[in-house]
Amino acid sequence: MAHMLTRAYPPSVAPEGPAVYLPFRGEDLLIATDHSLLTTNVMDLTINSYFLGMRDNVAIITGAIPADASLPEGVQTIGLRALYDHVSEEWWSLAGYAAQIVHWETDHRFCAHCGGEVANEGRTWGKKCRDCGRVTYPPVVPAVLALVHDGGDRVLLASKSGWGKRYSILAGFVEPGETFEECALREVEEEAGIIVTDPVYTGSQAWPFPHQIMVAFTCRHLHGDINIDKEELAHAEWFRYDDLPQLPPPLSLSRATIDAW
């Protein structure tokens, strides 16, 4: 069973004791050269540090390292996608949460409405403008994944330019005034030219590139032949469950959705 993070919010301060440090330099996380997460305090390198919460009595702390900062001996940087091969899915998700908070704290120092300076809104990650009083919160952008099957043993998979031989299920961002289910039906019709029905929710995943939440559905093909939007897709094809092409890596919800189907 996964050990849940007990989240903390400003102005909470990490207690004394063991901690895991998840500092970022740009988009990359600092880790040990043996690919383990850092348990030695390196936060003196950071511009700012942020206490994210407690996991099994261990504090989780993140922060931003200046781009020109030299790294201590035994420390290296790694991208979040590459990190997945070295830590558990739970720790990968925590690193993704840390990345989103660092991104938010670094890029949202002024009010988007009036340009005034902002300050933390107590016990949340929200920011309140000192001038106009408007409060904003870290963005979470929903995107829908749609696995289309034919009601039998075939699934519709698509490839995009630059993917090489890799195929995946269809995906798109939710638009204003649209439900997740409506988004799934629309994206399939727009990208593949077919009509689907019976959207069934199968799971979700926080996707920190930089701040998405992926929501997956399966849908059944109703009618129509494949006619792709060539600005969105390079190719789309029906595949039997036992004869699939190269698929996305295991960390992704798209792969989990395909595997579950």
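1. Let's begin with Lys127, which lies in strand β8; helices (H or I, at least four residues) and strands (E, at least two) are DSSP runs, numbered from the N terminus. Lys127 is buried, at a relative accessible area of 8%. For that scale, buried means under 20% relative accessible area, exposed over 50%, and partly exposed in between, with a 1.4 Å probe and protein chains only. Its side chain makes a polar contact with the side chain of Asn120, at 2.8 Å. A polar contact is a pair of N or O atoms within 3.5 Å; within protein, one must be able to donate a hydrogen and the other to accept it, and residues adjacent in sequence count only if both atoms are side-chain atoms.

2. A word on the ground rules. This is a predicted model, in which local features need pLDDT of at least 70 and side-chain atom pairs count only at pLDDT 80 or more, while totals for chains, interfaces and linings use all residues. Residues are numbered from 1 along each chain as its sequence is written, and side-chain values use heavy atoms, with hydrogens and water left out.

3. Which residue forms a salt bridge with Lys127? The partner is Glu105, with the closest N and O atoms 2.6 Å apart. Lys127 lies in strand β8 (residues 127-129) and Glu105 in helix α2 (residues 89-107), so the pair ties together parts that are 22 residues apart in sequence. Glu105 is buried too, with a relative accessible area of 9%. Leaving out residues up to four places away in sequence, Lys127 touches a list of residues that includes Trp104, Glu105, His108, Asn120 and Arg134; contact here means heavy atoms within 4.5 Å.

4. Now the salt bridges as a set. The rule asks for a side-chain nitrogen of Lys or Arg within 4 Å of a carboxyl oxygen of Asp or Glu, and the count comes to twelve. One of them joins Arg186 to Glu175, with the closest N and O atoms 3.6 Å apart. This pair links distant parts of the chain, eleven residues apart: Arg186 is in helix α3 (residues 180-192), and Glu175 is in the loop between β12 (170-173) and α3. Arg186 counts as buried at 14% relative accessibility, whereas Glu175 is partly exposed at 41%.

5. Another salt bridge pairs Asp242 with Arg240, the closest N and O atoms being 2.8 Å apart. Asp242 is partly exposed at 47% relative accessibility, and Arg240 is partly exposed at 35%.

6. Helix α3 deserves a look of its own. Its 13 residues reach 18 Å from the first C-alpha to the last, close to the 18 Å expected at 1.5 Å a residue; the expected span is 1.5 Å times one less than the number of residues. Buried residues in α3 include Cys183, Ala184, Val188 and Ala192. Among the elements covering the buried residues of α3 are β10 (141-149), β11 (154-159), β12, β13 (195-207) and β14 (212-223). Just after α3, Gly193 takes a positive phi of about 75°.

7. Next, the aromatic rings. Rings of Phe, Tyr and Trp (its six-membered ring) pair if their centres lie within 6.5 Å; planes under 30 degrees apart count as stacked, over 60 as edge-to-face and the rest as tilted. The structure holds eight such pairs. Tyr84 and Trp92 are edge-to-face, 5.7 Å centre to centre with 90° between the planes. Tyr84 is buried at 18%, as is Trp92 at 2%. Trp207 and Phe209 are edge-to-face as well, at 5.0 Å and 70°. Tyr84, Trp92, Trp207 and Phe209 form one aromatic cluster.

8. Two arginines are worth checking against rings. The charged end of Arg7 sits over the ring of Tyr97, 4.0 Å from its centre, and Arg166 lies over the face of Trp163, 4.4 Å from the ring centre. The test wants NZ of Lys or CZ of Arg within 6 Å of the ring centre and within 35 degrees of the ring normal.

9. Finally, Cys114 is found in the loop between α2 and β7 (118-120). Cys114 is partly exposed, with a relative accessible area of 40%. Beyond residues up to four places away in sequence, Cys114 touches Cys129, Asp131 and Cys132.
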